[in-house]
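Please have the model open as you read.

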Amino acid sequence: MSRINHHARNERGAALILSLLVSIAVAAMALGAIMVASGAGLTTKFTAREAQMQAAANGGLEMIRDSVNHGNFDSLLPLNGFTTLLTNQPVTDAYGATIPRTTRSLYVGRTGGRTGGAATAGQYGSNFASALSVIRDDRGAVAARRLLMSQESWSKFAVAVNNWSGGAMYGCAESINGPFHSNNTLKLQSGCPGAIRFAGAASVVSASITSEPSGNFVAGLKKGVPVIDWPTPARISLMKQFAADADVVGGDYDLTSRTLGATEPGLRIEFLYIDANGDGISQWDEGYMRVWVPATAADSVIDYVSARRWKNVPSGTTYTQDPNMVSRNCGAQVVLATGPDTVWMTARQIYDTALTTAGGSASKARDAVRWALSRGNEGTTRPPFDATTPIDARCYLGGDPALYPGTHGTDLTPDSTLTNVAGSHAMGWWQKRRTGAHSSVTSRADAPYLIPLGANPNYKGVIFVTGDVAISGRLRGRTSVFATGNIVLADDLLYQIPPGTQCDAQGDIFGAIATLDVVISDNNVQMPFHVNNKMYGGYDDTPADEQYNMFFLAAGDGTSNSGNFYTSGLPYTSTPGPTPPYYMTGSMNASATAENCSSGPGGCIRITGGLAMGRVDHYTYNTGGNAYGFAEAHTYDKCGLVNPPPYFPTTGRFIENRYYEVDPVWLNAKGIANYFAEIRAQ
C-alpha cells in the first residue's frame with residue numbers, strides 16, 4: 001500500500017496563484033501603458049490647444065497693429081479710453097478656415113511712458129499704444145496677450161527730407177553719419193565717385209537720384225520706397241495743450257512771441273543747468289530755463305533779442321562800415337580816465353559817453369567805439385577812456401547778465417529795473433515764473449526768473465511758442481520746443497550730459513520743431529562783423545564753430561519755401577529778404593579768418609542729433625566774392641533712435657516694442673476699461 005505526498009498537491013496550487021499574479025502584473029502594465037499614452041495624448045492636445053490659443057492671440061495683436069498703421073490711428077486711439085475692434089468673433093487659421101469653438105476680442109488704446117511710474121507719465125504718451133488680444137473657447141479656457149507698440153520717430157534719422165526741390169546738393173567733402181531718408185529725391189555733386197559717405201541705411205522714394213556714383217552707401221541704398229507721412233502744422237499745434245497743462249496758472253511753458261514768420265524772433269529762451277542742491281553732481285531735475293520778452297516789436301528792440309547787427313547807425317558812418325556803432329549787445333570792459341575801476345559798457349554807452357565828455361565829438365565817439373570793438377586795433381583817439389587798458393570785446397544775446405553792471409560777471413538774471421528802464425533803453429525783461437520761485441532754487445537771488453523743467457512734476461517735456469523764438473544755452477533734461485513760426489538758433493545749445501552717452505529717461509535730449517523753418521542766426525555772437533570796414537571775429541565763447549545738441553524738424557506749412565534749414569540773411573530767392581545778407585568782404589583781421597571752417601566763412605555749424613527738413617532749397621553758406629554763412633559738420637546721436645525727445649513728431653508707423661502675458665483671471669476682475677486706464681498712466 002503506497003503513501004500519498006500531500007505537500008506536492010499544495011505546490012500545484014501555488015503555481016496557479018503565481019500565474020494569476022503574473023497575469024495581473026501584465027494587465028497592470030498594459031493598463032499603465034494605456035494610461036500613460038492617454039495622458040500623453042491629453043497633454044499633447046492641451047499643449048497644442050494652448051499654443052493654438054496663444055498663436056491666435058498673437059495674430060490678433062498683429063491685426064490691431066495693421067489696423068492702426070493702415071487706418072486713421074487718431075480715430076482708433078482716443079486721448080482717453082480705448083477702442084474695441086472685435087468682440088467674441090470667430091477666429092480663422094492661416095488658411096482662412098474657422099477654428100472651432102474659439103472666439104477673439106481685440107482692444108487698442110494709448111499708453112504712457114516706457115519706464116512706467118508717475119515720474120514719466122505723459123512724457124511719451126502720444127508715441128505709444130497698447131494692443132490687447134483675448135482668446136476664449138467653449139470650455140472656459142482664456143489666453144490674453146498685450147503688445148506695447150511704439151511709433152517710429154523722425155529722430156531715428158540723421159537726415160530726413162520731405163521735398164528736395166532746389167539746386168542744393170551734398171558736396172564731395174560731405175558725409176551723413178546715420179540713417180537717411182528722402183520722401184522725394186537725393187542730389188549729390190557729380191565727379192567724385194564714392195566720396196560722399198552715407199554711414200547708415202539710406203532710403204529714397206524716387207527711383208533715381210542725382211549723381212548716384214558719387215555716393216558711398218555703406219549700409220545700403222533703397223530706391224522707390226513708400227512715402228512716409230510728413231508731420232502737419234495741425235499735428236504740431238496739438239502740443240499746445242501739453243505745455244499749458246504743465247502749470248496750473250499757465251504761461252510758463254505756453255508762450256507767445258511778438259513776431260511770426262520772421263528770422264528776427266520776438267522771444268528768446270535760454271536753458272540753464274544749475275546745481276540746485278550744491279552736491280556737485282548733475283541731477284536729471286536740475287534743468288531750468290528763462291524767457292526774455294522784448295518790450296515792443298520795434299526794429300531795434302527785436303534786433304536786441306538775438307544780437308542782430310543794428311540797422312540804424314549815427315550820421316558819419318554806414319551800416320556796411322560799422323553795423324554796431326550803437327549796439328546794445330556788443331561792448332567791452334574799459335577804464336574811464338577819471339577812475340581806476342574797470343567797467344563794462346556797451347557800444348551805445350561808449351558812444352554816448354565819448355560824445356558828451358572830454359570835449360567829445362561824433363568823430364571821437366566813433367573812434368572810441370571802433371577802438372573798443374576791435375580790441376584796440378581801430379580808432380585814433382579814445383577819450384574819456386584809459387588807452388592802456390586791455391579790451392575784452394564781446395557780444396551777447398539780449399538780456400544776458402554780462403550786459404548789465406549789476407550782474408556782469410555772474411549768471412544771475414537781471415531784473416526789469418535794469419533791463420526795461422524808461423526812455424530809449426527800454427529793451428524788455430526776463431519773465432518771472434507765474435507761480436513764484438520754485439523751491440529748488442530759492443537760495444538764488446534770481447530764483448523768481450528760473451522756470452524748472454524736470455523739477456516740475458507737471459512738466460511733460462513740452463514748451464510751446466506761438467510765433468518765432470530764439471533758443472540757446474545749456475540743457476539738463478528732456479525737452480522739446482514747438483513753435484508755430486521759426487525756431488532761430490541764436491547761439492550754442494549744449495547738453496549737460498554729452499550726447500549719445502545716456503539714452504535713458506535721465507539723460508539729456510532736445511527737440512526743436514518749427515511749423516515754418518529752423519534758422520541759424522546771422523548775428524554778432526556767431527558771425528564776424530565789420531569794424532571800420534574791416535572784419536573782426538571771435539566775439540563769443542566758441543569762435544571756431546557753433547554747436548547745437550538737438551534733433552530739429554522744420555515741418556513747413558505747405559507753402560513753396562517753407563520747411564527749410566538755412567542761415568538768416570541768405571534769402572530764399574535772388575530778392576533780398578527783410579534783412580540783407582551781410583557778406584564777408586574786404587580785409588579781415590586774423591580773428592575773423594580763424595572762424596573759417598571747411599570754406600564756411602562763419603565757421604562750422606555742428607548739429608549733434610538729427611536734421612529733418614520739409615524742403616531743401618538752399619545752402620547754409622556760399623563762398624567766393626560774397627562769402628557768407630556756415631559750413632556743415634553734423635554728427636548723429638543714437639539716442640534719437642531708442643529714446644526720442646518728448647513728443648517729437650512720428651512717422652505714424654507703429655512697431656513692436658515688447659510683449660506681455662496677461663493673467664486672464666486678473667484681467668476679468670479688473671475689467672478692460674480699468675486696465676487701459678492703468679497702463680495709460682504708466
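The charged end of which residue sits over the ring of Tyr539? In this predicted model, that residue is Arg375, with its charged end 4.7 Å from the centre of the Tyr539 ring. Another arginine, Arg146, lies over the face of Tyr660, and here the distance to the ring centre is 4.3 Å.

The structure holds 21 aromatic pairs. Two of them are set out below.

| Pair | Centre distance | Angle of planes |
|---|---|---|
| Phe180 and Phe198 | 5.5 Å | 80 degrees |
| Phe551 and Tyr636 | 6.5 Å | 90 degrees |

Start with Phe180 and Phe198: their planes stand at 80 degrees, which is over 60, so the pair counts as edge-to-face. Phe180 belongs to strand β7 (residues 180-182) and Phe198 to strand β8 (residues 196-198), so this contact ties together parts that are 18 residues apart in sequence. Phe180 is buried at 0% relative accessible area, and Phe198 is likewise buried, at 0%.

The pair of Phe551 and Tyr636 is edge-to-face too, because the planes are at 90 degrees. Phe551 sits in strand β28 (residues 545-554) and Tyr636 in strand β34 (residues 635-636), so the parts tied together here are 85 residues apart in sequence. Phe551 is buried, with a relative accessible area of 1%. Tyr636 has 17% relative accessibility, and because the cut-off for buried is under 20%, Tyr636 counts as buried.

Finally, have a look at the group made by Phe82, Tyr107, Trp666, Tyr675 and Phe676, which form one aromatic cluster.

How values were computed. Residues numbered from 1 in each chain as written. Predicted model: local features only at pLDDT ≥ 70, side-chain atom pairs only at ≥ 80, totals over all residues. Heavy atoms only, no water. Phe/Tyr/Trp six-rings, centres within 6.5 Å; stacked < 30°, edge-to-face > 60°. Helix = DSSP H or I, 4+ residues; strand = E, 2+ residues; numbered from the N terminus. Buried < 20%, exposed > 50% of the residue type's maximum accessible area, 1.4 Å probe, protein only. Lys NZ or Arg CZ within 6 Å of the ring centre and 35° of its normal.
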